[in-house]
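Please open the model in a viewer and keep the sequence panel at hand.

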Amino acid sequence: MKTIFEKSNGVDGILLGNCVKSCECISSKYLRQGNIGLPQLSELEVMRHYKELSDRNFCIEKGFYPLGSCTMKYNPKVNELLASLEGFTNLHPLLNDDDSQGALELMYRLQEALKTITGMQAVSLQPCAGAHGELSGMMVIKKYFEVKNEKRTKVLVPDSAHGTNPASAKMCGFEIIQIKSNERGQVDIENLKTNLDNNVAAIMMTNPNTLGLFEENVLEISKLMHDNGSLLYYDGANFNAVMGYTNPYIMGFDVVHLNLHKTFATPHGGGGPGAGPICVTEELKEYLPSPVIDFDGEKYYRNYNLKHSIGKVKAFFGNFGVLVKAYAYILMMGNNLKKASADAVLNANYIKEKLKGTYLLPYDEPCMHEFVLSGDWQKEMGVNTIGIAKRLMDYGIHPPTVYFPLIVHEAIMIEPTESESKAVLDNFIDVMLKIADEIKENPDFVMESPHTAPVKRVDETLAARHPDLKYNE
């Protein structure tokens, strides 16, 4: 496929005439002289070029996304329509509360829904992404101990937690202490006890963890932490596995962030947009980012009157469109949120049982919404995990997350989500089994994959370290 520069044919797509050159309101020193080097095509040719580019891109409408930790799940298109309503899109964020009642009511009702779903007592919708929610939550925890005049310098992070957890805690000035996993892929309680002292402010846990396993000892961990005067932080990126069955408050957590763009149906491929609200217990509600949305019985308003607030963490309120979509999804699903979790867990366990034995399963335990295989057996035959991922592309399947979590060698993290049919799951299973047979018969062919994609096999290391972003005529 040619670049748009190579397609340039000298045709002007937009004709401005002499209006710019003759405009007396613009000083001549601000008018560009000479050719600026942009491609020249008609408007129709430009549209065709970008449509051709989009056709080469993989999307949820084209095929299966078994992508661990980045839930490409059910994203009803009606949500896009609702988020594009003029009453939302044309509302200026600096309008006063009296002129923003519709948006404020939606945010208030979303807060109330998230309180019910998580069991928590207070919510801030400000954080605009999961990691931003983590940072805000850890800032709340830090401020809490400062107000109590306790100098706590450490945060415990299990090796099965999400990779952003230690970064968020470190940005708040905490020392990171890694807690090991036991032979079943769960937090090693004895290792936790060894590292628990009066300097520990909190533990950051992902539950289910990045292995897709539920932390069975979470109540014991909660008691250990609270007896030590420490708090518990819940990374809610995997929350779609437990909705309606349990919640962070029941587990004993004090702070939780939710990835609305994962659990509550907002597509976020390509890096955004997202939303990462934080929910806290009654004891921590005065520490939330301000303002929060309140209701006095007559009017919805932005409440800045939080005694120990960490202040604003984002201009206005994160990505408001994501809040609209998440609220619409929650209203649409209702009690079926519990069924969504049940189906996600069922789908993951179904695939796991079909593939174990052909691929190494490091932790042979009942999983939640995702599970992690290892490509070690296939690597011994000459094909590493990246080779398996690239070969999947030839079969019209998006590669799963690979080489994460780091505690599994040659990791292949598979998350089918709740919205895929059994036929789609069976096709994925058949393809994975076929690739395993191909590796036995012709490993070099698999390692040269993909064979049918618009871009064939590239040197990932070279592309990352020395990207060529220049256009050369």
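Begin by selecting Cys59. In this predicted model, Cys59 counts as partly exposed because its relative accessibility is 26%. Next, select Cys128 and display its sulfur atom. Which cysteine holds the closest sulfur to that of Cys128? The closest cysteine sulfur is in Cys172, at 15 Å, which is too far for a bond. A disulfide is a covalent bond between the sulfur atoms of two cysteines. With a cut-off of 2.5 Å between cysteine sulfur atoms, the count comes to zero disulfides.

**A buried threonine**

Move to Thr210, in the loop that runs between strand E4 (200–206) and helix H8 (218–227). Is Thr210 buried or exposed? Its relative accessibility is 0%, so Thr210 counts as buried. Display the side chain of Thr210 together with the backbone of Ser160: the side chain reaches the backbone oxygen of Ser160 at 2.6 Å. Then select the surroundings of Thr210. Leaving aside residues up to four places away in sequence, Thr210 touches Ser160, Ala161, His162, Asn238, Glu370, Val372, Phe404, Pro405 and Met413.

Together, Val78, Leu81, Leu82, Leu85 and Met332 make a nonpolar surface patch of about 400 Å². Helix H2 (residues 77–83) supplies the largest share of the patch, three residues. Met332, one of the patch residues, lies in helix H11 (residues 320–333). Met332 has a relative accessible area of 38% and is therefore partly exposed.

**Salt bridges**

Now colour the charged side chains. Side chains of opposite charge can pair when their charged atoms come close. How many salt bridges does the structure hold? The structure holds 26 salt bridges, and the next selections visit some of these.

Select Glu52 and Lys7 first. Glu52 forms a salt bridge with Lys7, and the closest N and O atoms are 3.1 Å apart. This pair links distant parts of the chain, since Glu52 belongs to helix H1 (residues 43–56) whereas Lys7 belongs to the segment before H1, 45 residues apart.

Proceed to Lys356. The side chain of Lys356 meets that of Glu353 in a salt bridge with an N to O distance of 3.1 Å. The side chain of Lys356 also meets that of Asp364 in a salt bridge, here at 3.3 Å, N to O. Lys356 counts as partly exposed at 30% relative accessibility, and Asp364 is partly exposed at 46%.

**A span across the model**

For the last stop, select Glu441, which lies in helix H15 (residues 422–441). Glu441 counts as exposed because its relative accessibility is 70%. Finally, draw a distance from the C-alpha atom of Glu441 to that of Phe320. These C-alpha atoms are separated by 52 Å, and Glu441 and Phe320 are 121 residues apart along the chain.

Definitions and conventions: Residues are numbered from 1 along each chain as its sequence is written. This is a predicted model: local features need pLDDT of at least 70, side-chain atom pairs count only at pLDDT 80 or more; totals for chains, interfaces and linings use all residues. Side-chain values use heavy atoms; hydrogens and water are left out. Helices (H or I, at least four residues) and strands (E, at least two) are DSSP runs, numbered from the N terminus. Buried means under 20% relative accessible area, exposed over 50%, partly exposed in between (1.4 Å probe, protein chains only). A polar contact is a pair of N or O atoms within 3.5 Å; within protein, one must be able to donate a hydrogen and the other to accept it, and residues adjacent in sequence count only if both atoms are side-chain atoms. Contact means heavy atoms within 4.5 Å. Patches are made of residues with over 30% relative accessible area and no salt bridge: like charges are joined within 9 Å, nonpolar side chains (Val, Leu, Ile, Met, Phe, Trp, Tyr) within 5 Å. Accessible areas come from the Shrake-Rupley method with a 1.4 Å probe; for residues, only the protein chains shown count as cover. A salt bridge is a side-chain nitrogen of Lys or Arg within 4 Å of a carboxyl oxygen of Asp or Glu.
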